[in-house]
Amino acid sequence: MISAEKIPNNVDLSSNKRLQRALEHWQPRYIQWWRDMGPQGFQDYHQVYVRTAVSVDPDGWAHFEYVKLPEYRWGIFLPDPLPDRRIGFGDFFGQPVWHEVPGEFRNQLRRLIVTQGDTEPASVEQQRWLGQRCPSLYDLRNLFQVNVEEGRHLWAMVYLLHSYFGRDGRDEAEELLDRQSGNRDKPRILEAFNEPIDNWLDFFMFTMFTDRDGKSQLMSLSESSLDPLSRTTRFMLTEEAHHMFVGETGVARILERSCELTKQAGYSGDVRKIGGIDLPTIQKHLNQWFSLSLDLHGGEVSSNAASYFANGLKGRAKEDTFDDHVVKNASYNMEFFENGRAVTKDVLMRNAMNEVLRDWYVGDCAAGVVRWNRILERHGMSDRLQLPDRKFNRHIGMYSGFHFDPEGVALTKEEWERRKYEWLPSPADSEYLLSIMAQPVYEPGKFANYIAPPRRGINQKPVDFEYVRTEQ
Ligand code: BYC
């Protein structure tokens, strides 16, 4: 069960005084960071109807109540260890999992944990102004739910750093609060986490696509031989599902409303004239966040990834569905772009592990786009959304430095510069979105013109429930 201590936990923190003291020392810095860099304007006078993890039991882990955001009970939750768990892949396949960090893998593990940890506060920073432009109280609450849980995921990684990496781990935990999304001197580690999220279409696409990268990366880390890392990430995945729900249904509700407005405007009319979001703008934001999130999987051919796999540190999503867990001699048929042409070549599968995970990710995204297109179909629209080609708008890996259109056709740099805003949000698109979001909607049950209400509320509450209230 979760203890009711200063730091809620189910890891028996009070029996390890040194660790407890170290985390209690970090806690006020975290709260200060949350106040400075978290949701702006909603720290002191608002109560938010959020869920808080109170157990790791899949059937009843969450509790809903009104909370002032800085008073959220951020804690440390690890599901119980699986009895006799064995290493599931790589060179140590079949051996017992590790409960301590092996010295020879300490740097690699620390790097993986720091990279994962860095994304969590980054996303809170990226989203900190959205409350001022929210389409409804329901959406505002969902934004804050996502934010507090990303904060908890930071706690999860900081717990691992403090517990298993000594002084270096403590220093890394401090730096997680020092780097800042988009800061020129101290940016966040991964590129997508330095991009601005200024409007709610960005937010929904981010939670659809970038949180889904969170899902694929956490799934691969949950296979890790380091058992505490595996257990921590397993529980993070439970919370992550809601974030993708927010993104997928957010875009779905915009699509729903855009279809209604298109009918109102007459099919050939401009929905922007009546305050809606047109499909090309939705497609551009999809292109932007999908391509940024493809980059988050790292280079196609990666010796880092090979070594993570060989050492059992980071596996594949759903490792148990594969037949070969050692993958010593297997190869992966990969597309390369050489002299302006696509050619395929075999590379060692271990070196292609980033691409294997990216394949899984693209499939998961594609299924979501099929669900969105059903809405367009239902409304009799002929347009469809689609995922751009993997080569489009890449900044990491072998396609970075080249230019492609969303169909994967190579372009010169000049053509790209001339045409990029046909496929990516332009400053004018962003300006338009900000203009229709300038007036936040804080009245229960009311929704901004560009988005349809959800089908149901949160935790069986009605849609017009006061999900965020100002303190009496
Ligand atoms: N941006 O061998 P390579 C989430 C660097 S999201 C900038 O190709 P590797 C969340 C790389 O560090 C999930 N740099 O890559 C979602 C390396 O640098 P060095 C986050 C990048 O190491 C929403 C060089 O390029 N989790 O949870 O195999 C809200 C060559 O590297 C990028 C993780 O990321 C990039 N995109 O793999 C909140 C899991 N990509 O060594 C949260 C942990 C690569 O030359 N991290 N580089 O200095 C990893 O598994 C791996 O580090 C990566 C990269 C998949 C990120």
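Around the ligand stand 29 residues, and those that come nearest are Gln 116, Gly 299, Ser 302, Asn 304 and Lys 314; a residue counts as near if one of its heavy atoms lies within 4 Å of the molecule. The model is predicted, so to read it well: local features need pLDDT of at least 70, side-chain atom pairs count only at pLDDT 80 or more, and totals for chains, interfaces and linings use all residues. Residues are numbered from 1 along each chain as its sequence is written, and side-chain values use heavy atoms, with hydrogens and water left out.

Polar contacts here are pairs of N or O atoms within 3.5 Å. The side chain of Gln 116 places an N or O atom 2.6 Å from a nitrogen atom of the ligand, while a backbone N or O atom of Asp 295 is 3.1 Å from a ligand nitrogen. For Ser 302, a side-chain N or O atom lies 2.7 Å from an oxygen atom of the ligand. The protein buries 81% of the 1,100 Å² that the ligand exposes when taken alone, with areas from the Shrake-Rupley method and a 1.4 Å probe.

Turning to the shell, helices (DSSP runs of H or I, at least four residues) are numbered from the N terminus. Helix H2 (106-126), helix H5 (200-221) and helix H8 (303-310) each give two or more residues to the shell, and H2 gives the most, with seven. The shell residues divide into eight nonpolar, 13 polar and eight charged, where Asp, Glu, Lys and Arg count as charged, Ala, Val, Leu, Ile, Met, Phe, Trp, Tyr, Cys and Pro as nonpolar, and the others, Gly among them, as polar.

Terms used
A polar contact is a pair of N or O atoms within 3.5 Å; within protein, one must be able to donate a hydrogen and the other to accept it, and residues adjacent in sequence count only if both atoms are side-chain atoms.
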